[in-house]
Amino acid sequence: MPALAATPADRGECAASADKPDVGGAACSRIIDDASEQVAERVKAFTNRGRGSFNRQDYDRAIADYGEAIKLSPKDASAFAHRCQAYESKEDHVAAIADCTEAIKIDPKYGWAYNNRGVAYYGLHEYDAALANHAEAIRVDSRDVWAYARRGMAWTEKGEFDQAVADITEAVTIDPKYAFGFGQRGQALFRKRLITKKGGWEPAIADYSEAIKLDPNLLWLYSSRGVAYSNNRQYDLAVPDCSEVIKREPKNSGGYNCRGVAYEGLKDYRRAIADYDQSISINPKNGVAYWNRGNAYTALRKIDDAIRDYDQAIAINPKDFNSFNSRGKAYVAKGDSNRAITDFTQAIEFGPSYVEAYNNRGLSNEVLGRGAEALADFRKAQSIDSADRLSKQQLRMLGF
């Protein structure tokens, strides 16, 4: 049967379908199959149909349609940028970077392409490159809230928490209803408290709560707030938050990881490890779940099991300073101070404000009789946090 010719109504229906995945796909297909249609209309139809597939999370079909659009119009920056986004959704970071780079070559002021390329670099743990790309997006549009939020996320991963908070605060100042921004500022405040011991858990919890109020459907916010509640020893609030995620989405890796943290805080290590197991089985690339399970094994004195989990977390994220620090402590437990110092040094390299890592390296240097190195580490810890008790005590014992 010959393909039906596209009608003027099809163009409008196809154009409206880009962000409505259940509407307009047939209209786009009729335009695509109508050889008499102008190339520009067919390019739009491929792009719109691809967008519909993307919104259905059918990324392979989206990539195929964007590819057809590019064949018809090799200088279409939008098609390259959208295919970049689809590749990134499949965690094909390298292909995403290549496509966004092509989009930027075509249109050097394409802020959305810079942001998508920044996200891809973030996925590769290349945080400096991510920062540079989001900075370019901000230069294109000084009110780009997504660029500020994503640059803040990269600062967080580099351990530059104050810069992260400043960027994300700019995002939520521009858009006071930006739920994602409040959630990410919560993440930065959470990590600042976790790593530098500065501030409290309450500011992070407040930001997560504000984000949930603005968008109750962002499930990762419940997981994040649940973990913050656990760290604040509010386990009665943590377990319901984590369980809410699991109830709404039984295959949500973050929900199980969150509840595992709560059970670990309650010293119910058996249930904690079971939840971490479930989290990892759902998402084998969940490095945080490996780190948390390693911590639970450490509490049970299963040091070799813990080290294997820290190894896996580091393999997933080679700049995971938490896992380097924890693995260093595990090697201390095995009596291998030299190996521990190597890991603490890596933790410090990737988290320059990590007070605990400086203290841990200082203690290991003391064990090895390296007084000058230990002194330098405790002094550095004090310079980061003058209220830190351990470094203050160790300096006093060393006569300072």
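The torsion about the S-S bond of Cys84 and Cys100 comes out at about -95 degrees, so this disulfide is left-handed. The sulfur atoms of Cys84 and Cys100 sit 2.1 Å apart, and a disulfide here is a pair of cysteine sulfur atoms within 2.5 Å. Cys84 belongs to helix H5 (residues 77–89) and Cys100 to helix H6 (residues 93–106), so the pair ties together parts that are 16 residues apart in sequence. Helices are DSSP runs of H or I with at least four residues, numbered from the N terminus. Cys84 has 0% relative accessibility and counts as buried; Cys100 is buried too, with a relative accessible area of 0%. Buried stands for under 20% relative accessible area, exposed for over 50% and partly exposed for anything in between, using a 1.4 Å probe and protein chains only.

A word on the model itself: it is predicted, with local features needing pLDDT of at least 70 and side-chain atom pairs counting only at pLDDT 80 or more, while totals for chains, interfaces and linings use all residues. Residues are numbered from 1 along each chain as its sequence is written, and side-chain values use heavy atoms, leaving out hydrogens and water.

How many disulfides turn up in a search of the whole structure? The search finds 2. Cys242 and Cys258 are joined by a disulfide, S to S 1.8 Å, and this link is left-handed, with -55 degrees about the S-S bond.

Tyr222 lies in helix H13 (residues 219–231) and is buried, at 9% relative accessible area.

Helices H3 (residues 39–55) and H4 (residues 59–72) pack at about 165 degrees, their axes 7 Å apart. That makes H3 roughly antiparallel to H4, a label for angles over 145 degrees. Axes are lines fitted to C-alpha atoms over the stretch in contact, and angles run from 0 to 180 degrees between N-to-C directions. Among the H3 residues meeting H4 are Val43, Phe46 and Phe54, and the H4 side includes Tyr59, Tyr66 and Leu72.

Terms used:
Helix = DSSP H or I, 4+ residues; strand = E, 2+ residues; numbered from the N terminus. Parallel < 35°, antiparallel > 145°, perpendicular 65-115°, else oblique. Contact = heavy atoms within 4.5 Å.
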